[in-house]
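Okay, thanks for coming, everyone. Let me put the structure up, and then I'll walk you through a few parts of it.

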Amino acid sequence: MVHTSKNSGAAEGARYYPFPRVVDVLLRGAGQVMFQNSPWTGLFFLLGIAWGSWRADRPEIVIGALTGLCVGTLAACLLHAPREEIDSGLHGYNGILVGCALPVFFGSGPMCWALVFAGAFFSTVIMMAVSSFLSSWKVSAMTGPFVFTTWFILLASYNFVHFDIVALPEPSLPAQPSAALAVIPGLEALFRATFTGVSQVFLIDNAVTGAIFLAGIAASSLPAALLGWGGSVLAIAVALVLGADGRSVEAGLYQFSAVLTAIGLGSTFYRPGWRVLLYAFLGTVFTVVAQGALNVALAPLGIPTLTFPFVIAAWLFLLPHVHFAQKGSDVSPSD
């Protein structure tokens, strides 16, 4: 991941925050899901997850998030990952996403918790491997380790009887949806969907959680928060113009990857400017198209896209190394 200069250098910045060192690192790991190297952002994210988990009566989601965050970070320490990466939270954000995702799909049984522990650990191993592989291209691993780890576990669940599947999509062959599904929701529902699209980054369907997340991003970077919400709005518009299922749009399922793309391209990897905003606009539109394509590609396997549309869009839009003004000199060694 890449960090804004405002929050760079966790080893130095930890002295300026009223959190013990370990808590500071863990909170930064939560904030790094949306590119913010800030413990305050991470605190807001955890509060948002707790709220959404409580409202859905699914306490296992916030427990899984905390477990995944801790295990992923601990794994990096045990594997002797670079200290500056650990201090910046770069080995916590994939773990927290794994911890949020697996209880959604497998409930809260013993097997689920075993998978959360193993998955969070594996996500750190994959993070180190993917970062090393991509280092020559100067591209970050993004949330790829979370996606790959979770996909492997979800696919394995179809082969082992002791995996208790509770919420995976039914495998199906690709087919164009009925025009009757392409209904445009009302204005109030669309407004809520702009926030739900943000909350779905952590697989939570709750507009209040999305608003809490945006507040957390704003605590670190107001432009990033505006880009995140704007990316959700743009994704809704593109999805509806293309004829997406209105219910999926209401649930935020076309927006969450676009939110990450808009923040990443618009405020994290380059210094904001009109050309960067245009580039982020195009990348966000592409992300929605990628979302639709991957929905179809993965339907026969019965697994969700997770944040892979964002990963694909970010990699493709960063690999050309477009010569915009660079976002400071604080790129982490994992990039």
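Packing here is about contact, meaning heavy atoms within 4.5 Å. Helices, by the way, are DSSP runs of H or I with at least four residues, strands are E runs of at least two, and both are numbered from the N terminus.

Before I go on, this is a predicted model, where local features need pLDDT of at least 70, side-chain atom pairs count only at pLDDT 80 or more, and totals for chains, interfaces and linings use all residues. Residues are numbered from 1 along each chain as its sequence is written, and side-chain values use heavy atoms, with hydrogens and water left out.

Back to α15, residues 308-318: 9 of its 11 residues are buried, so the helix is largely enclosed by the rest of the structure. Buried means under 20% relative accessible area, exposed means over 50%, and partly exposed is in between, with a 1.4 Å probe and protein chains only. The buried ones are F308, P309, F310, V311, A313, A314, W315, F317 and L318.

Now step back to L306, in the loop between α14 and α15. It isn't a glycine, yet its phi is positive, about 55°. Most residues other than glycine have a negative phi. Is L306 buried or exposed? At 5% relative accessibility, L306 counts as buried. K138 also has a positive phi, near 55°, and isn't a glycine either. K138 sits in the loop between α7 and α8, and at 66% relative accessibility it counts as exposed.

**Two helix pairs**

Two packed helices are described by the angle between their axes and the distance between the axes. The axes are lines fitted to C-alpha atoms, for helices over the stretch in contact, and angles between N-to-C directions run from 0 to 180 degrees.

Take α10 (residues 207-220) and α11 (residues 222-242): they pack at about 150°, axes 6 Å apart. That makes α10 and α11 roughly antiparallel to each other. The cut-offs are under 35 degrees for roughly parallel, over 145 for roughly antiparallel, 65 to 115 for roughly perpendicular, and oblique for the rest. From α10, the contact uses L214, I217, A218 and S220, and from α11 it uses L222, A224, A225, G228 and W229. By class that's 7 nonpolar, 2 polar and no charged. Here Ala, Val, Leu, Ile, Met, Phe, Trp, Tyr, Cys and Pro count as nonpolar, Asp, Glu, Lys and Arg as charged, and the others, Gly among them, as polar.

Then look at α2 (residues 21-31) and α3 (residues 39-55), whose axes come within 7 Å and cross at roughly 70°. So α2 and α3 are roughly perpendicular to each other. D24, L27, R28, A30 and G31 of α2 meet P39, T41, G42, L43, F45 and L46 of α3. This contact has 6 nonpolar, 3 polar and 2 charged residues.

Mean pLDDT, the predictor's confidence in each residue from 0 to 100, is 91 for the protein, and 91% of residues reach 70 or more. Watch the stretches 1-15 and 328-335, though. pLDDT stays under 50 over residues 1-15, and also over residues 328-335.
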